[in-house]
Number of protein chains: 2
Amino acid sequence: MHVFWSKGYAATSMTDLLDAMGLSKSSFYEFFGNKHDAFMAALRRYADREVARLDASVCSGGCARRLIEIQLRGVIDRPTGEGDRRGCLTVNCAVELAPHDPVIESAVTAHMDRMEELFHRLIARGQAEGGISSRQDARMLARYLLNGLCGLQVMAKAGRDAKSLEDVVSTILTALD
Amino acid sequence: MHVFWSKGYAATSMTDLLDAMGLSKSSFYEFFGNKHDAFMAALRRYADREVARLDASVCSGGCARRLIEIQLRGVIDRPTGEGDRRGCLTVNCAVELAPHDPVIESAVTAHMDRMEELFHRLIARGQAEGGISSRQDARMLARYLLNGLCGLQVMAKAGRDAKSLEDVVSTILTALD
DNA sequence: AAGGTTCTGGACCATTTGGTCCAGAATAGG
DNA sequence: CCTATTCTGGACCAAATGGTCCAGAACCTT
């Protein structure tokens, strides 16, 4: 999965894949069928994990606004800590494959829908509790946050410096006041 | 250029390239040297065009806030009008190649720096004129807008519906109040 | 029409691509 | 210990990859 994640679909060869998975060619085709299906499996697994993480965060019951901040800041902290900036698999797919591959596109759409939904729930709660301003519609704010998150993912991959990303996060958050 | 733009680097074969450019193989290698250099040429040309466009907009002297809105909304209007959603070449590069290709990365960085700079100038003017609130730092707002733009580019490529993108644009803009 | 220059089509190259297949090694169960 | 099952390494495949090279067509200029 990590190979696809950091190199993208087209740039990942079967050799790369087999090396990374420590699997024989025969077993690979036995399990996955072909390269494309293996990629789909990786994408689905990634999306599920990511959704589960945000879901757990939402359900934790912490301050909504603070949880959102953590979610955004997570994008900044991760890439610097790891070897290479692989970003978000779904964003990578959206850019590399979604326009030409309907199967991938629907997986991307599904992931984004679920993320938007979780943000929406979080925001609605924050508005009820008073931590987030009710002057703006919760649905709109959810979409806005999802967009900001995707933007950050791109900026981080592009290698923008930490200060710039910090500025972005804090400016995004002011929309919640 | 359009082929690279819509298919990405790795997924574009020499055959695709030659067909699209209507050029013989020999002439291609005469002009560009190799595939990678051809891509760099396309990227540089794209970035220059894009910067020139925003620059012209900034220099037009119109209402800063309105010009920003047009710039953001441009991302939404384009993809639906054209055949396929190719998005922004620089964003595509940032995602597909920047982390593994220093030459591409610096081109991406340069483009983003220039865009940020133009946004900064536009915002500073808007603040001086009063159309944009001065409660936030112009540099931060510029980075914030660049981020929002990248996000929109991803969302559009992912095939999010028009209403969602509209919501995002208008919510982004409220940060200028 | 002759000459020189520019461009082209395609032959050709080694390498790599995703994918199939099977003999045999390793493992597990009795 | 012997059989079943699972897994592996590698041979093999046709097709496509990026790239080189050159004979000749097409184009100017004189």
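The surface near DNA strand C draws at least two residues from each of helix 2 (14–21) and helix 3 of chain A together with helix 3 of chain B. Helices here are DSSP runs of H or I with at least four residues, strands are runs of E with at least two, and both are numbered from the N terminus. This is a predicted model, in which local features need pLDDT of at least 70 and side-chain atom pairs count only at pLDDT 80 or more, while totals for chains, interfaces and linings use all residues. Residues are numbered from 1 along each chain as its sequence is written, chains are lettered from A and ligands numbered from 1 in the order in which they are written, and side-chain values use heavy atoms, with hydrogens and water left out.

The residues surrounding DNA strand C are Thr12(A), Ser13(A), Met14(A), Thr15(A), Lys25(A), Ser26(A), Tyr29(A), Asn34(A), Lys35(A), Ser24(B), Ser26(B) and Ser27(B); a residue is near a strand if one of its heavy atoms lies within 4 Å of it. Of the atoms of DNA strand C that come within 4 Å of the protein, 56% belong to sugar and phosphate. Helix 3 of chain A gives the most to this surface, with 3 residues. By class, the surface near DNA strand C comprises 2 nonpolar, 8 polar and 2 charged residues. In this classification Ala, Val, Leu, Ile, Met, Phe, Trp, Tyr, Cys and Pro count as nonpolar, Asp, Glu, Lys and Arg as charged, and the others, Gly among them, as polar.

A polar backbone atom of Met14(A) lies 2.7 Å from a phosphate oxygen of DNA strand C.

DNA strand D is surrounded by residues of both chains, including Ser24(A), Ser26(A) and Ser27(A) together with Thr12(B), Lys25(B) and Tyr29(B). Sugar or phosphate accounts for 56% of the atoms of DNA strand D within 4 Å of the protein, and bases for the rest. A phosphate oxygen of DNA strand D lies 3.3 Å from a polar backbone atom of Thr12(B), and another contact places a polar side-chain atom of Tyr29(B) 3.1 Å from a phosphate oxygen. An N or O atom in the side chain of Lys25(B) is 2.4 Å from a base oxygen of DNA strand D. Two or more residues of this surface come from each of helix 3 (25–32) of chain A and helix 2 (14–21) and helix 3 (25–32) of chain B. Helix 3 of chain B makes the greatest contribution, with 3 residues. The surface near DNA strand D contains 2 nonpolar, 8 polar and 2 charged residues.

The fold of chain A was considered next. Chain A has 9 helices and 0 strands, and its C-alpha atoms fill a box of roughly 55 × 30 × 30 Å along the principal axes. Helix 4 (residues 35–59) and helix 7 (residues 102–129) of chain A pack at an angle of about 0°, with their axes 10 Å apart; axes are lines fitted to C-alpha atoms over the stretch in contact, and angles run from 0 to 180 degrees between N-to-C directions. Helix 4 of chain A is therefore roughly parallel to helix 7 of chain A, a term used for angles under 35 degrees, whereas those over 145 count as roughly antiparallel. The residues of this contact (heavy atoms within 4.5 Å) divide into 15 nonpolar, 2 polar and 6 charged.

Helix 8 (residues 138–158) and helix 9 (residues 162–174) of chain A pack at about 180°, with their axes 11 Å apart. These two helices of chain A are therefore roughly antiparallel to each other. Their contact includes Tyr144(A) and Leu152(A) of helix 8 and Leu165(A) and Ile172(A) of helix 9, and has 9 nonpolar, 2 polar and no charged residues.

Chain A averages a pLDDT of 94, with 97% of the residues scoring at least 70; pLDDT is the predictor's confidence in each residue, from 0 to 100. Among the elements of chain A, helix 8 has the highest mean pLDDT (98) and helix 5 (residues 64–81) the lowest (87).

Note on methods. Parallel < 35°, antiparallel > 145°, perpendicular 65-115°, else oblique. Polar contact = N/O pair within 3.5 Å; in protein donor to acceptor, adjacent residues only side chain to side chain.
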